[in-house]
Every structure is written in C-alpha cells, then in structure tokens.
Amino acid sequence: MKSPILELQDINVRYSGLPVIQGLSMEVNQGETVCVVGSNGSGKSTLLRAIMGAQRVFGGKILFKGKEIHRQGTEAIVKLGIVYVPEEKMLFGPLSVKENLLLGAYILEDRGKILQNLEAVYALFPRLKERAGQPASTLSGGEQQMVAIGRGLMSNPEILLLDEPSLGLAPILVDEVLDTVGKLKRKGMTILLVEQNVREALGLATRGYVLQTGRIVAEGTGGELLESDLFRTAFLGI
Ligand SMILES: Nc1ncnc2c1ncn2[C@@H]1O[C@H](COP(=O)(O)OP(=O)(O)O)[C@@H](O)[C@H]1O
Ligand SMILES: [Mg+2]
C-alpha cells in the first residue's frame, strides 16, 4: 500500500476575497511524479505557494507524512523536506553556478554533507560541473533551469515542487529540461510538477490532475488524461 507523502484535503485560497483555489484535494505518493496541468491563470503557482506556506489556506488541510503543515511558515516547511523551485528561477546572475547551488544548502550545517550533495547534483547535471565557475547569467535558459532545480536538490528534499520548469524555453530546451525531470523520477525522487506543456508533462508523469479556474476537473494516469474527452476539448482543441 502506498501512503501519500503529501496530501491536500479540500483547500481554498483567495486573493482579496476572490476564490482562486476552490475545494482542491489531491495527493502525491512516495516516488511518484505527479503533474498538475492547467492553462495560464488556472492557479498552479498559487497551489504550490499554498503548500509552501507562502499563501494562506482557508479551510481544508495540507498534510505532509500525515502531519498538518498548513499553519507553518515556509522555512519550517523547507526543513521538513519540501522544496519549491519557482517559475521565476530566482538565480543570482553575477554569482557562479557553484555559488548559486550552495545557496540551496542553507538549511544544512554539515560541510561534508553539503559537498556530498553538490557532487550528487554535478553527477546528475554534468554540464553544471563544467560551468561551475561561470556566472549563472552566462548560461543558456535550459542550463539556468538546471541550476534552479539543482539548487533545490542541495537540501536533500523528500519532495520537489517544480513550477513550470519549461516556461519561456525554446522547444528543444523544453525537451532537455523535461528529460532532466525524467532523470530525477528514475532516481526515485518524489516530484510535484505543474506545467502548461501538457503533452510532454503528462508523458512523464505517474499520475496527473487537470486544474481549471482553481478546481480539479479530472485526474488519472497521463495516458488516461490525454485520451479523455474533457481534456481533449479543454487543451488540445479536438
Ligand atoms: N498576488 C496575487 N494577487 C491577486 N491575484 C493573483 C495574485 N497572484 C495570482 N493571482 C491571480 O490568481 C489566479 C491564479 O494565478 P496563478 O496561480 O499564478 O496561475 P498559474 O500559475 O496557473 O498561471 C490568476 O487569475 C491570477 O491573476
Ligand atoms: Mg504560474
């Protein structure tokens, strides 16, 4: 039996009183890559920010390994092992790739452990090792996304929340970045991915949810969703 590592039960989020996430329930099991797909403005980033304690949740519950986390602050949530890689990447351009990666280990104190994590990130993304000393701003969009993901991995998270890692990238880089997510999946990382690149994201997901104006309107395996009528009319226009 799989038990959810992350569980959202009937949560609501509002901006200035306006509902943005409504009665949303979902779960992520250990080792799964769960993908939430939805068009621009459907509430994907809000959902991830709510999990991270950066957005107030009205009603409902968010549980991590069975314990409530929706009243905790972001730092406490990160320390529990939940890491968020934001849409905006938030790299420090003038700092080197290595320095950017090390920033992700801020919750760790053991120097040996930090270097071990750095080597693990380099093993996953050899290109970042080659470019370790270069300012992050000199990297391509796809490489910068690898730095953002690598920085997230530096604290050894139990679950990684990825906010549209392919956003703004040329198609060839989209594939490269999503391949990276596939690599993490194969290594056993638990991932919650939100994406507008519906086909590619569902192609690599264990399971997916479709978000429309803050509500889950469908769920299933990637294949089931891609085949469903609702999905085909909503996203593929067929
Ligand atoms: N800080 C904010 N204040 C008010 N409204 C917001 C804020 N952030 C997002 N919204 C609105 O909430 C809805 C969901 O936004 P968002 O979660 O960013 O969607 P997505 O990530 O799916 O594009 C949108 O209608 C957006 O305009
Ligand atoms: Mg967003």
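**Note on pockets and sheet of the predicted model**

1. The second largest pocket has a volume of about 200 Å³. A pocket is an open set of points on a 1 Å grid over the protein atoms alone, where a 1.4 Å probe fits, with protein on both sides within 12 Å along at least five of seven lines. Volume is the space filled by probe spheres set on the points, which are joined across faces, edges and corners. The model is predicted: local features need pLDDT of at least 70, side-chain atom pairs count only at pLDDT 80 or more, and totals for chains, interfaces and linings use all residues. Residues are numbered from 1 along each chain as its sequence is written, and side-chain values use heavy atoms, without hydrogens and water.

2. Lining residues (an atom within 4 Å of a point) of the second largest pocket include Asn117, Leu153 and Met189. Helix α4 (residues 111-124) contributes the most, four residues; helices are DSSP runs of H or I with at least four residues, strands runs of E with at least two, numbered from the N terminus.

3. The largest pocket holds about 520 Å³ of space. Of its 23 lining residues, Tyr84, Val85, Pro86, Tyr106 and Arg151 are the closest to its centre. At least two lining residues come from each of α1 (44-51), α2 (74-80), β6 (82-85) and α6 (141-153).

4. An open antiparallel sheet has the strand order β2-β1-β4-β5, where pairing requires at least two DSSP bridges between two strands. β2 (18-29) and β5 (67-68) are at the edges with a single partner strand each, so one side of each lacks a neighbour in the sheet. Strands β1 (residues 4-15) and β4 (residues 61-64) pair over four bridges.

Terms used
Chains are lettered from A and ligands numbered from 1 in the order in which they are written.
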